[in-house]
There are 2 protein chains.
Amino acid sequence: MQLQPIDTSVTLKDHIYERMRAAILGMDIYGAGVDLRLDERSLADQLGVSRTPLREVLIRLEQEGLLAVKPRRGIFVQRKTLAEILEMIVAWAALESMAARLAAEAASEAEIASLREMAAKYSLTSQGADIAEYSDDNIRFHQRILDISHCKLLGVMAEGLFVHMHAVRRRAMGEEDRVAKSVVDHMGIIEALEARDSPLAADRVRDHTMRLHDHVRQFWRAAEQTETS
Amino acid sequence: MQLQPIDTSVTLKDHIYERMRAAILGMDIYGAGVDLRLDERSLADQLGVSRTPLREVLIRLEQEGLLAVKPRRGIFVQRKTLAEILEMIVAWAALESMAARLAAEAASEAEIASLREMAAKYSLTSQGADIAEYSDDNIRFHQRILDISHCKLLGVMAEGLFVHMHAVRRRAMGEEDRVAKSVVDHMGIIEALEARDSPLAADRVRDHTMRLHDHVRQFWRAAEQTETS
DNA sequence: TTCTGCTATCTGGTATACCAGATGCCAGAT
DNA sequence: ATCTGGCATCTGGTATACCAGATAGCAGAA
């Protein structure tokens, strides 16, 4: 008889973390009259746990930049400024560009082929798909590049950045036009990878992401947050 | 009369964090018979605080990859595997390469000049300085590049990576030879920045850091850790 | 009516108590 | 001498109590 060990490392905190994270990402952070203040006790009540494990989760979420804890003031969902969003995209470009470079050097044919497969969905019917769906697939495409770089850390670090993009989407995306351009970019990236041209792949990925950078800078809807500190 | 507001946001936790972090970084993590287990209660006693704030600090340190908390087993200082170290260096190269690119485009003359100043110390007397001192100045040089990119996030993310290099130094550095080569690399980087050649600057920074990558891979002393989980 | 200062109360910070899983030692059985 | 099962105890996880700063509303003075 053969038994798999039971994973005892999952604790209450982990469940709380998932719930909280999902709840925060589900919020329309940038909405006008949205209440960004959280209340520890009330949250603990709703989740049916005590404050202690909840607080540890809140601290973790603070580390990830999703929350801001202000001593004796309150806990707030963190709104990112345009400048911060732009910096995240720059960092993302840096990481993914490196991932593309590594992928061009070391990824298997099958791995690169899997990218083409993902892109194929849009190459023909590019105008038919709706934005939201494309946006998800788009993220997956980029994560796949990070995966096939075989450098886990790049993926992990980028993941921490993607999280924040989720909220931004509602605010700065939206032009139909970009989808078509994006598809073209993706094909260019795939071709560079297939050609094992690592500098070219790195450049194309970086340029592609930096185009998003410029787009966000241009179309960020200035419903600016008023809070200072 | 003019008064500056008192910063009330510094709390016990922050002090504990500093102490713990310094203590951990000061440890010879990779020593042979080093005890990597920490005891919450004992630490709380030593610091003169209760477990609660200490735990929050420990969780933060876990997030940063310095500690590993194993439920009902203990808290351990995290040893990095060679693979993990190498991935960190890759990520570092990605971030700093991007920083160099931005710096070449946007840094002021004065900022670039400050790099030359830092490098000057070693350009002539390159053989005189001891390794430890050079190593510190070396880190500062790289942080300066991240600074003058004017992208804070790149610096912050790289900082989180540098922390781990501290412990690695004892283990994989040491050849006098590398100092001289490193100095040459630095001058090349500075020249590319001065020429405002951003692709070249990015390439040189990346190559330089990836040379460290190769060096570590080659000279990592295999006194391998035995623990599995 | 307006301003001042007290106070009730809300919030996060910290301390402490208790719970349950993990370990290791030891007695008793074989 | 060796193996097994139980128990004492150690460790982190969770719950709860209490503290002090932050706020806002109100009462009383000017």
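Before the structure itself, one term: a crossing of two helices is right-handed if the near helix is turned clockwise from the far one by less than a right angle. This is a predicted model.

I'll start with chain A and its division into parts. Chain A has a domain 1, residues 12-77, and a domain 2, residues 82-219. The centres of these two domains, taken over C-alpha atoms, are 30 Å apart. Contact between them involves 6 residues of domain 1 of chain A and 7 residues of domain 2 of chain A. On the domain 1 side, the touching residues are 3 nonpolar, 1 polar and 2 charged.

Next, a helix pair in chain A. Helix α4, residues 82-106, packs with helix α9, residues 198-219, and their axes are 7 Å apart. The angle is about 160°. Because angles over 145 degrees count as roughly antiparallel, α4(A) is roughly antiparallel to α9(A). The crossing of α4(A) past α9(A) is right-handed. In that contact there are 15 nonpolar, 4 polar and 5 charged residues.

Now the DNA. Around DNA strand D there are 21 residues, and the ones that come nearest are A:Leu12, A:Ser50, A:Thr52, A:Arg72 and B:Glu40. Two or more residues each come from α1 (12-26) and α3 (51-63) of chain A, and from α2 (40-47) and β3 (74-77) of chain B. Which element gives the largest share of the surface near DNA strand D? That is α3(A), with 3 residues. By class, the surface near DNA strand D has 7 nonpolar, 6 polar and 8 charged residues.

Notes:
Residues numbered from 1 in each chain as written. Chains lettered and ligands numbered in written order. Predicted model: local features only at pLDDT ≥ 70, side-chain atom pairs only at ≥ 80, totals over all residues. Axes fitted to C-alpha atoms, helices over the stretch in contact; angles between N-to-C directions. Helix = DSSP H or I, 4+ residues; strand = E, 2+ residues; numbered from the N terminus. Parallel < 35°, antiparallel > 145°, perpendicular 65-115°, else oblique. Nonpolar A, V, L, I, M, F, W, Y, C, P; charged D, E, K, R; others polar. Near = placed C-beta within 6 Å. Domains from an automatic or database assignment. Contact = placed C-beta atoms within 7 Å.
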